[in-house]
Amino acid sequence: MSINLSVQSVLDSIESAQKNDIVPDQEFVLQGSVMDLSVSVLLSRLRGLCDNADSLPETFHDQEICFILKDFSNPGAVGPGTGGVMLRVRKALDHPELPWQLRYTGQPEVGNRPALLRNCLDVPVSSNICDFLHELGAKVDHEYVSKGYIMRKGRIKVTVFKIFKVGGKEVQEGVTKSHVVELSALTTRVDEAIATDLRIVADQLKPLVNLQNLDYRRL
Amino acid sequence: MQREDRLLEVTVDTVVQRVTDLKQSLGLLLQKLEHEGESADWPDYLQQYSVISGQMITLLKVLRNEKTPVLRNYLTLPLQLNADPDEALLRSTENRVPAFSHDFVPDLLRTKPDPELEMKFHTLNAKMNIMNSDTSSKQINQHNKVVKHIVEMVSSARDEWETETSRSSLPQTCSINETHSLLAAIGTGKQHQVGKAPSSIKTNIKAAGQMHPYRQ
């Protein structure tokens, strides 16, 4: 009984948070790339800009598998935009003990903002998530390995990483001769002030990197 | 005669208006000095100074205008002094003059500067005349030379800086095409067909499934 009550109270607080628009389910993103030769320059500049300038940037090595869950309630729909929901499963290759992560990112919001705004949900999951998604009818769309550095500046997450194809055994081939540079910040539906901060950091990285609000679907 | 009176009235009104503006800006500057002192940034101070000097210039322009009657031709005569406090006067002078008495009136109606100031002015004038015209022109030339040199230094530094920035943009550090292929690869797996090989993933999933405790 007591468990039921506490579940109810949690549901209530979630509901009230949703009503008051204080759920951090939005993210502002700016993306760009830097050539491999200039990565060290960018990193030293970022170290100066970001928090904890005295320590080396943290590294990460992730595998990301993207699933597409088709919309079965509308089987007749064809063409772009009806591709179903894309769900991304991430696991840390360098930290196998950590939980996996299921990530959903929505379509970019319409409107003129300093940074791209999109819906975003991150859930820590157990390692059988792929099985679960498979049972739901989701199909693997593509996968890749990302390896790079992560830094923080206040609420802003800064990542610099290279993308590799997932080949045979341990043989990983870079997709291009550049690293991806990404600034992102979680925010709520009502708080858009952080977008300006994102833009300010991005401007400080010019002309080394040119970060933009790019919509990958239009590329 | 009536026309002249009206003209005088209008002129005095304008002058009073200009002086009030000037007084307000001076008050603002004093307030800033008192409250912020050295912590205020100097462009702010410069801006206030330029406002004040602009207001001074307009005031002088009004006084020198051809249509403005020559005010010094008008006399102000104190006809009656009164030692009693005057409420209206106190209000109109912002609490500075409590009564139209013999204590204040001579100062208020004075047309010559303070004797002290006048002395200072005279000594400066005398000093100016004493100085040799040769020495002064030499000093002016030297000053101009120094200023010219500084201007040259600044402009050459600017030229250098500009060419340097244009040169540093030559080596490319990022490419928009690469950005596009990378983002497309992350977002859709397209273009470079990132690991578009479901077979390897299936084994992956199986391996994950077998690791699951409930299956064992």
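Contact here means heavy atoms within 4.5 Å. The model is predicted.

**View 1. Chain B against chain A.** On this contact rule, 29 residues of chain B touch 41 residues of chain A. The area buried between the two chains is about 3100 Å². Carbon and sulfur atoms give 63% of that area. In chain B, the residues that lose the most area to chain A are B:T173, B:L182 and B:I186. Together they make up 20% of what the chain B side buries.

**View 2. Polar pairing between chain B and chain A.** Ten residue pairs are in polar contact between the chains, with both residues at pLDDT 80 or more. The count of salt bridges between chain B and chain A is zero.

**View 3. Helices on the chain B side.** Two helices of chain B, α7 (176-188) and α8 (198-211), each supply at least two residues of the side that touches chain A. The most comes from α7(B), with twelve residues. By class, this side of chain B has 15 polar, eleven nonpolar and three charged residues.

**View 4. Cysteines A:C50 and A:C130.** A:C50 has a relative accessible area of 6%. For A:C130 the value is 3%. The cut-off for buried is under 20%, so A:C50 counts as buried, and A:C130 is therefore buried too. Over all chains, the count of disulfides is zero.

Terms used. Residues are numbered from 1 along each chain as its sequence is written. Chains are lettered from A and ligands numbered from 1 in the order in which they are written. This is a predicted model: local features need pLDDT of at least 70, side-chain atom pairs count only at pLDDT 80 or more; totals for chains, interfaces and linings use all residues. Side-chain values use heavy atoms; hydrogens and water are left out. Buried area is the accessible area (1.4 Å probe) that two parts lose on being put together, summed over both. A salt bridge is a side-chain nitrogen of Lys or Arg within 4 Å of a carboxyl oxygen of Asp or Glu. A polar contact is a pair of N or O atoms within 3.5 Å; within protein, one must be able to donate a hydrogen and the other to accept it, and residues adjacent in sequence count only if both atoms are side-chain atoms. Helices (H or I, at least four residues) and strands (E, at least two) are DSSP runs, numbered from the N terminus. Ala, Val, Leu, Ile, Met, Phe, Trp, Tyr, Cys and Pro count as nonpolar, Asp, Glu, Lys and Arg as charged, and the others, Gly among them, as polar. A disulfide is a pair of cysteine sulfur atoms within 2.5 Å. Buried means under 20% relative accessible area, exposed over 50%, partly exposed in between (1.4 Å probe, protein chains only).
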